[in-house]
Amino acid sequence: MSGEPDRGGTAVVVEAPGAHRLVPHTPREPGPGEALVAVHAAGICGSDREVYQGNRPEGYVRYPLTPGHEWSGTVLRVGPGVPEGLAGRKVVGEGFRNCQVCDRCHAGETTLCGAGYEETGFTRPGAMAGTLTLPARLLHVLPEDADLTAAALLEPAACVAAAALKADARPGERIAVVGTGTLGMFAVQFLRANSPAELLVVGTRDDREELSRRFGATDFRTRDQDLPGDFDVVIETAGSADAARTAAGLLRRGGRLVLTGIPAPGALGLDPTGLVVRQLEVRTVFGAPPDAWAHTVRVFAAGLLDPLPLVTHELPLTEFSRAIDLVGAGDPKVGKVLLRP
């Protein structure tokens, strides 16, 4: 693929909390086991805003940094030891840079790697640049006709897939989703495929009801309404101060709860007495291991996952500041914001 463009252009660099600049981008040639990817689009989520504001937990960011952990692109070149056939393919990629040799990695739990936390866009250069160079083993190949704009949302979808797999929802069960953002809407789509008897979405905004039902919800309620308490499975995606407690309250005795949101310090905790006497099963998700990624790409390729309705803004990379402001504005008209190199 030597005839491919170098895809230099511009990169975003966050020098320190609240300080960023646009710099010329020089692609890094892939070394052994690596691939060079031309970035099609990079998504912005709340964690990118945390990086910019400086309130991401200690140890989970390293400045200066090119952000961008949600992305899609096309492989330009590969390094030694990587099959040449990967060049030219549309791809997405896992973010966690796991060691591959610890017990957790061997168990497939790469987000729990014993070597410590390393992730694209947080401690390693991310996709808010013309290209991204990363280990080829982290790539997941998409169909040739895949929409790369839609595929840029597969990272948050993979995190939700991890939650859906942990929830182990079975056909005919009563399921609820707490949260109506990007993660919540993906949760509805994944869980709909399990043929639930009921699929309730609980949020704070009435304007999300139409989209929730479009994706497969059978009922929609806001948190200020009376909420039932007899669901088999609840997945929480909101990350607000009371979301976990609201989610637990929806469960029947012996129900299964999966938490994905990361609330700010001081959030309401789950009542340990209630957890024990109600015999609730609680699991959590932080990131997506390989099986969740593979599941996501498979579902996306089958046409069962529709990310495009969640995208409301596509901006050039040079409008990084505006994109960060949009994500944090609280405007109900703002969904997923994508940056295009």
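Trainee: Why are helix 4 and helix 5 called oblique to each other?

Mentor: The axes of helix 4 and helix 5 cross at roughly 50° and come within 9 Å. Angles under 35 degrees count as roughly parallel, over 145 as roughly antiparallel, 65 to 115 as roughly perpendicular and the rest as oblique. Helix 4 and helix 5 are therefore oblique. The axes are lines fitted to C-alpha atoms, for helices over the stretch in contact, and angles run from 0 to 180 degrees between N-to-C directions. This is a predicted model, in which local features need pLDDT of at least 70 and side-chain atom pairs count only at pLDDT 80 or more, while totals for chains, interfaces and linings use all residues. Residues are numbered from 1 along each chain as its sequence is written, and side-chain values use heavy atoms, with hydrogens and water left out.

Trainee: Which residues make the contact between helix 4 and helix 5?

Mentor: Helix 4 gives Pro156, Ala157, Val160, Ala161 and Ala164, and helix 5 gives Thr182, Leu183, Phe186, Ala187, Phe190 and Leu191. Contact means heavy atoms within 4.5 Å. Helices (H or I, at least four residues) and strands (E, at least two) are DSSP runs, numbered from the N terminus.

Trainee: What makes a set of residues a nonpolar core?

Mentor: Its members are buried Ala, Val, Leu, Ile, Met, Phe, Trp, Tyr and Cys residues joined through side-chain atoms within 4.5 Å. The largest such core here has 48 residues, and Phe190, Leu191 and Phe300 are among those with the most contacts inside it. Helix 4 supplies the largest share of this core, 10 residues. Phe300 touches residues including Leu142, Leu154 and Leu305.

Trainee: Why is Asp219 called buried?

Mentor: Buried means under 20% relative accessible area, exposed over 50%, partly exposed in between (1.4 Å probe, protein chains only). Asp219 has a relative accessible area of 17%, so Asp219 is buried. Among the residues that Asp219 touches are Glu198, Leu199 and Arg213.

Trainee: Where does Asp219 lie?

Mentor: Asp219 lies in strand 10. That strand belongs to an open sheet of six strands with the order 10-9-8-11-12-13 and parallel pairing.

Trainee: Why do strand 10 and strand 13 count as edges?

Mentor: Each has a single partner strand, so one side of each is left without a neighbour in the sheet.

Trainee: How do you know that strand 9 and strand 10 pair?

Mentor: Two strands pair if DSSP finds at least two bridges between them. Four bridges join strand 9 to strand 10, so the two strands pair. In strand 10, Arg221 is the bridge partner of Val202.

Technical notes: Lists of a residue's contacts leave out its neighbours within four places in sequence.
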